[in-house]
Every structure is written in structure tokens, then in C-alpha cells.
Amino acid sequence: MSSSSTPSNITWHEGQVSRDERAQLLKHKPGLTIWFTGLSASGKSTIASALEQHLLHRGINAYRLDGDNIRFGLNKNLGFSPEDRTENIRRIAEVSKLFADSAAIAITSFISPYRSDRDSARQLHKEAGIPFVEVFADLPVEIAEQRDPKGLYKKARAGEIKEFTGISAPYEAPESPEVHIRTDQNTIAEAVERIIAYLEASNLL
């Protein structure tokens, strides 16, 4: 894994179109990032997909960045050690910021188990003046294990998967997410409605 330090021989080249001007030209609000976090099988990817579809049907430019999908390409060289997990989130935080800066709504769906990594992602957006909305797809690990659609919890219990979040690796729940959804107590449609309600109340749509 390469160092994340910035080389001394490069210079940031500012563009000629501001975020607000870009949004005005595209005739919608400036972009933002909606960051889903939660255990495997918590339903975050399913809700994220439904949210993306809902926004697009409303004529709002949205794009979903999924944790598994990203590991097929951009992050295919990363494993699941604590260091690689942190780098995984650092990269996707940068990518989501770029999407949001383009006036899109970036929807990320990553376990992102470490609070410090999510805080770093939030700070990155804050420094760029880009809204960051954390959505906690909350599900007790016992219920996630019962769902287990990919059979991953079973493999983790059998020792076939090392460093599996919630079983042999920690998950640090958000302390104050913008949206907190118990996914075993809300339908997908209800979860999307709650997120949309927050976005509208915050004047982000």
C-alpha cells in the first residue's frame, strides 16, 4: 500500500467553476455525500440502492458507491486488516467528495467499522464545504447473523473468514449520526422516507 502523504512537487489547480455555479448551471442543489454505515447484512446496501433509485426518479443526480463493488476495482489491492480497512475508507471518502463536488449526491455503502475513519471522512467533506450525512443502518449482530444472506457469518464462526466485523473484528457504532435507522423495525420504503425527510428538512434537496 502506497503512502498517503502528498508529494512536494505537485500543486492544486483550482477550476473556474465554483460548486454553487455548477449547481446553478445544472439546475439543482449542490452535491453532498450520504454515508451508510452498519454491519454486514444490516440492509445498508439495499436501502442505499432504493434511495439512489428514488432520487434519480425525482430528477436528482445520485450515484451509489458500494463496498463490495469498489473492491472489484479501485480497492482490489486491499485486504481486511485494520490498516487496509482505514485505507479503503480514506479512498472512498476522497471519491465520494469528488462526486459531491460535481453536484451529484454520492451514496456510499460501507461497513466502515472504525469511528475515527468515518470522522476523517466527515472532516474531509467539512473542509471542502460539502455536506456529509451519516446514516446508521442499525441491526443487532444476532439478527444480522440470522439473516446472513451471503453466508459470511457462518464462515466467520467456522474460522474460515478472519477479521470479520461483528465476530472477530470490532464495529464502532456512530455516536450521533444524522439518521439512525433500526433496519429490523423499518421497511426499506420507510427507511428511504426517513432519509428523504431529513434531507428536505435540512434544505439539501
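Begin by selecting Leu-32, which is found in strand 1 (strands, E, of at least two residues, and helices, H or I, of at least four, are DSSP runs numbered from the N terminus). This is a predicted model, in which local features need pLDDT of at least 70 and side-chain atom pairs count only at pLDDT 80 or more, while totals for chains, interfaces and linings use all residues. Residues are numbered from 1 along each chain as its sequence is written, and side-chain values use heavy atoms, with hydrogens and water left out.

Is Leu-32 buried or exposed? Leu-32 counts as buried because its relative accessibility is 0%, where buried means under 20% relative accessible area, exposed over 50% and partly exposed in between, with a 1.4 Å probe and protein chains only. Leaving aside neighbours within four places in sequence, Leu-32 is in contact (heavy atoms within 4.5 Å) with residues including Ala-100, Ile-130 and Leu-199.

Next, select Ile-34, Phe-36, Leu-51 and Ile-195, which touch the most other members of the largest nonpolar core, a set of 22 residues. A nonpolar core is a set of buried Ala, Val, Leu, Ile, Met, Phe, Trp, Tyr and Cys residues joined through side-chain atoms within 4.5 Å. Among the elements that give two or more residues to this core are strand 1, helix 2 and helix 8.

Finally, select helix 2 (residues 44–57) together with helix 8 (residues 188–201). Residues in helix 2 including Ile-47 and Leu-51 meet residues in helix 8, among them Ala-191 and Ile-195.

Terms used
Axes fitted to C-alpha atoms, helices over the stretch in contact; angles between N-to-C directions.
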